[in-house]
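Student: I have a two-chain model open and would like to work through it. Can we go step by step?

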Amino acid sequence: MPARANTWTVVRLVTVVVVLAASLFAGALPASAQVKLTFDKHPAIDFGDVFTASVRVKSQNDWRAFPSEPESDQKNVFDPYRERIAVEGRILGRVLYHVEREFHDTSSPWKNIYLETRVLHGVHLQGGQFNMPFGLDQTTSLMDQDFNYHSLAGSFLAPGRGLGVMAYGDFFKKNLLAYEVGVFRQDGDNTRSAQLQDVHVAPAFAGRIVVKPFSKWQPLNFARSMETGFAFSDGELPAGLYSLKGQTIAGDAFVQKVYVNGRRQRLGAQLQWRPGSIGVQAEAMRVRDTRLGQGIEDEDLPNLVERAWYVSGTWLATGEHKKDTITPARPFLNGGYGAIELGARLERLSTGGGPALNPALYGPRSPDVFPTADLVWTTGVNWYLNKFFELSLNVIREDRTLPRTATLSSGPVWSRTFRVEFGL
Amino acid sequence: MRWPRIRSLVLMLAIAVCAPMVRVSAQSVGTVTSADTLVDGSGLNDIWLHINARDWQDLHTNYQEGTYYPVDVEWQGVKIRNSGIRVRGNTTRNDHKPSFRIDFNRYVDGQDLFGLKALVLNNSWHDPSMLHDDLSMQTFRKMGIPAPRQAHVRLYVGAAHEYAGVYVISEEISKTFLTANFGEDNGYLYEFHRQDGDNYGFQEQPELGWYIPRFGPKTHETESVANLYTPVRNLVEAVNEARQDNLEDRLGDYFDVRTFITELAVQNFLAQTDGLVGGVGMNNFYLYRFAGKKLSMLIPWDQDNSFSRMDMPPSDNMGTNVLASKIWNEPKYRDAYLARLLDIADLVSSGWLEQEAAREYEQIRAAVYEDPLTPYSRDEFDQANAFVQQFARERGAVVRQYVASIAPQVLNAGRLSVESGAYRTRLNGTPQTQNLPRR
């Protein structure tokens with residue numbers, strides 16, 4: 001069954017559960033129960049503890065200046081990057097639901113759709129379509145990103161969203177050790193776009209542990225927010241031209257697709273540290289695809305290995321504490337000028353390896369994969385006007401290592417993006 | 001002391017410059033140095049496709065798609081690695097014995113097989129003799145019309161070197177072909193794609209969009225619709241506006257009428273039913289517009305449906321094509337056309353065509369007998385070849401009789417009324433007579 005059909009099944013299931021619950025509990029509510037409409041950051045309605053619903057809107061619109069690539073599709077200057085609406089809430093105070101739809105993605109408009117509940121102390125269960133637990137940047141909400149685009153690691157090596165079931169929770173106080181582990185119908189949508197029509201469905205597993213080693217250590221107070229984590233994923237890989245994609249900032253593919261078969265295994269490490277108004281974040285990932293029987297003469301080929309890493313730092317110049325969601329202490333036009341954040345990120349995505357050989361030796365069924373890479377510097381400034389609006393300007397420098405015959409520009413190229421973001 | 005250093009420096013520079021050229025050309029471990037022996041038909045060559053078993057299966061399962069798969073191509077010890085192969089063809093496209101296109105540039109830019117950037121492997125699905133296309137192209141060339149070289153090959157596939165039957169290998173009409181035949185490759189080349197339901201014969205079509213699906217650009221592919229198709233529309237308008245009694249007056253800048261007459265004559269002599277004046281309108285040709293000029297010419301392609309009937313009148317379907325109709329209805333052009341038919345009859349009567357048909361039959365007979373995928377029996381193959389040889393032997397007399405019956409003055413006149421390779425004269429401004437048929 002195609003992935004879209006499965007997404008629809010989940011959408012219907014979650015919708016039926018939510019509507020049924022709302023109908024049943026609304027009818028069964030005692031007359032004395034309070035129905036409360038609120039508008040703090042989101043419009044919300046509460047039927048006591050029985051049923052709650054809040055609406056969230058996410059809008060990101062970009063103006064872009066990309067380098068001219070004569071052999072590639074022309075990119076529009078204006079890009080309505082995200083236009084999403086989500087409804088989320090609780091049923092009986094125990095079951096959390098979330099349904100989210102994107103209006104600019106006609107191929108897969110339904111994004112995060114899931115139910116979750118706590119079944120034991122330290123054990124939550126989540127089921128539906130949601131981000132697989134791999135990649136700090138990838139699993140951070142798009143509204144809470146420090147830069148206009150996900151990192152290359154998060155965009156192309158992390159699995160992204162999948163249909164599945166996940167258990168998560170934490171042990172010890174102050175989130176000293178948190179875990180997530182899940183099983184999914186197949187690899188995530190970051191890597192599956194070319195496989196949507198493929199009938200092969202291969203289950204994938206993913207897990208992550210995150211520790212805060214200094215969270216309870218008073219002498220190192222400045223390091224208490226530091227957390228580090230390790231993640232893995234493992235899944236069956238159907239035979240075909242299904243190697244991971246890699247794209248430039250402008251969205252042009254620069255990694256040659258090669259035939260793979262067997263298993264796809266990922267390893268990842270992450271670090272996040274937020275002392276005061278400073279934020280430091282880093283990740284490294286390695287993906288290994290086996291290529292069993294994929295040679296020209298049906299022979300096994302060496303594994304394909306793709307690697308990516310990034311290091312980023314941000315500083316809230318207006319003094320707010322660095323958190324996932326930044327709320328200005330003095331909003332613009334309300335006694336202040338909002339919050340200003342400066343940031344920089346260095347990252348690299350690479351595939352293949354070894355010295356560049358004769359070009360005739362590289363092909364989708366060749367043992368060698370041409371060593372390609374994209375080294376990217378992103379510098380940016382974010383202006384949080386208030387808790388709803390944000391303006392972001394990023395200047396991006398790419399340094400590409402490409403085959404001599406590539407149609408894209410090699411060497412350093414510059415891009416600029418300006419984003420207007422609205423979140424409700 | 002300085003000269004040895006300079007010599008060394010020059011030598012190193014020469015190696016550095018030449019190395020990139022060497023690394024993307026054929027990796028020769030044998031003694032061949034040219035693709036001529038592959039496509040000149042002098043021998044029956046073996047081609048070995050090294051291809052993943054799953055890809056070979058997918059090629060057959062998804063034969064309606066144009067998906068490329070990686071393949072290493074081996075010929076005479078020369079191995080071209082990381083080429084691309086896809087199924088090709090229209091009415092001959094099938095999953096039993098598909099035709100293929102091999103693109104040496106698909107994954108490795110600049111790679112070629114001794115100058116050939118691509119090869120076509122035809123299955124001869126509609127031709128049990130397997131000779132129609134090749135003999136037709138040879139006839140075109142002998143009459144001064146550039147046409148792709150063809151030859152038969154035994155095809156082997158996969159690690160097990162499995163025999164996949166006899167194929168007709170063909171040069172592709174591409175920049176390489178243009179350079180070899182016209183000395184230039186920067187003009188505009190289009191492959192004509194007949195659309196279902198069409199019965200097209202140069203009728204005027206004012207909308208540029210009409211030309212887009214029918215004239216697929218093979219050069220300058222990324223240029224605008226206006227750049228690509230306005231000149232084609234202008235050519236068609238000129239064909240329609242040209243006065244029948246003086247075609248050159250309006251058409252001369254766009255088309256060489258004498259070359260078109262020769263092409264018509266070859267196709268109708270060979271009883272081609274799916275060519276420029278076939279029963280379904282124009283089909284199986286490329287259009288090439290010379291660089292910096294309005295002048296265009298047609299290049300024949302896929303002549304499987306020639307040798308159809310011994311008694312086919314050479315005037316069949318002339319009325320379906322605007323230009324052919326004007327030629328047929330104007331005495332001076334009709335006489336030129338009939339004279340050209342007699343030139344071809346003279347050429348064929350020399351025994352050349354029959355000898356070539358017999359030679360090729362002997363060359364491929366054993367291989368075809370063993371072909372595991374041919375849709376025809378041995379008897380059908382033998383009978384079809386017997387007819388081709390009979391056609392080559394007797395068609396000249398049939399055509400002469402036809403000409404005598406409708407225009408005896410042409411039969412009695414001294415001929416060579418139409419100069420071979422006339423397009424060259426128009427192109428270069430000087431007569432080119434090296435391609436005149438020997439009479």
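Student: What percentage of the 439 residues in chain B are buried?
Tutor: The model is predicted, so the count rests on predicted positions. A residue is buried if 20 or more other C-beta atoms lie within 10 Å of its own. Chain B has 439 residues, and the buried part comes to 44%.

Student: In chain B, what share of contacts between residues at least 6 apart in sequence join residues at least 24 apart?
Tutor: Contacts here mean C-beta atoms within 7 Å. In chain A, with a separation of 6 or more, residues 24 or more positions apart account for 60%. For chain B, the share is 67%.

Student: How many residues of domain 2 of chain B are in contact with domain 1 of chain B?
Tutor: Start with the bounds. The domain assignment gives domain 1 as 22–177 and domain 2 as 183–428 in chain B. Their centres, over C-alpha atoms, are 24 Å apart. Domain 1 brings 36 residues to the contact, and domain 2 brings 42.

Student: Which element gives the most to the side of domain 1 of chain B that touches domain 2 of chain B?
Tutor: Elements that give two or more residues to that side are strand S7 (150–157), strand S8 (162–171) and helix H4 (132–142) of chain B. By class, this side of domain 1 has 16 nonpolar, 13 polar and 7 charged residues. The top contributor, with 10 residues, is H4(B).

Student: Why does the largest nonpolar core lie between domain 1 and domain 2 of chain B?
Tutor: This core has 107 residues, and those with the most contacts inside it include B:Ile102, B:Ile299 and B:Leu341. Helix H11 (residues 331–349) of chain B gives the most to the core, with 10 residues. The core lies between the domains because residues come from both domain 1 (22–177) and domain 2 (183–428) of chain B.

Student: Leaving aside neighbours within four places in sequence, which residues are in contact with B:Tyr337?
Tutor: B:Tyr337 is among the residues with the most contacts inside the largest core. B:Ile261 is listed there too. Beyond those close sequence neighbours, the partners of B:Tyr337 are B:Ile261, B:Leu264, B:Ala265 and B:Ile327.

Student: On which residue is the kink in H13(B) centred?
Tutor: Helix H13 (residues 378–406) of chain B has 29 residues. Its end-to-end C-alpha reach is 41 Å, close to the 42 Å expected. Even so, H13(B) has a kink of about 45°, centred on B:Glu394.

Student: Which helices do the buried residues of H13(B) pack against?
Tutor: The buried residues of H13(B) include B:Phe381, B:Val388, B:Phe391 and B:Arg395. They pack against four helices of chain B: helix H9 (257–269), H11, helix H12 (352–369) and helix H14 (408–412).

Student: How many charged residues are on the side of chain B that touches chain A?
Tutor: The contact takes 16 residues from chain B and 16 residues from chain A. Helix H3 (53–61), strand S3 (69–75) and strand S4 (78–88) of chain B each supply at least two residues of that side. Its residues divide into 7 nonpolar, 4 polar and, as asked, 5 charged.

Definitions and conventions. Residues numbered from 1 in each chain as written. Chains lettered and ligands numbered in written order. Predicted model: local features only at pLDDT ≥ 70, side-chain atom pairs only at ≥ 80, totals over all residues. Domains from an automatic or database assignment. Contact = placed C-beta atoms within 7 Å. Nonpolar A, V, L, I, M, F, W, Y, C, P; charged D, E, K, R; others polar. Core = buried A, V, L, I, M, F, W, Y, C linked by C-beta atoms within 7 Å. Buried ≥ 20, exposed ≤ 12 C-beta atoms within 10 Å, placed from the backbone. Expected span 1.5 Å × (residues − 1). Bend = angle between axes of the 7 residues up to and from the residue.
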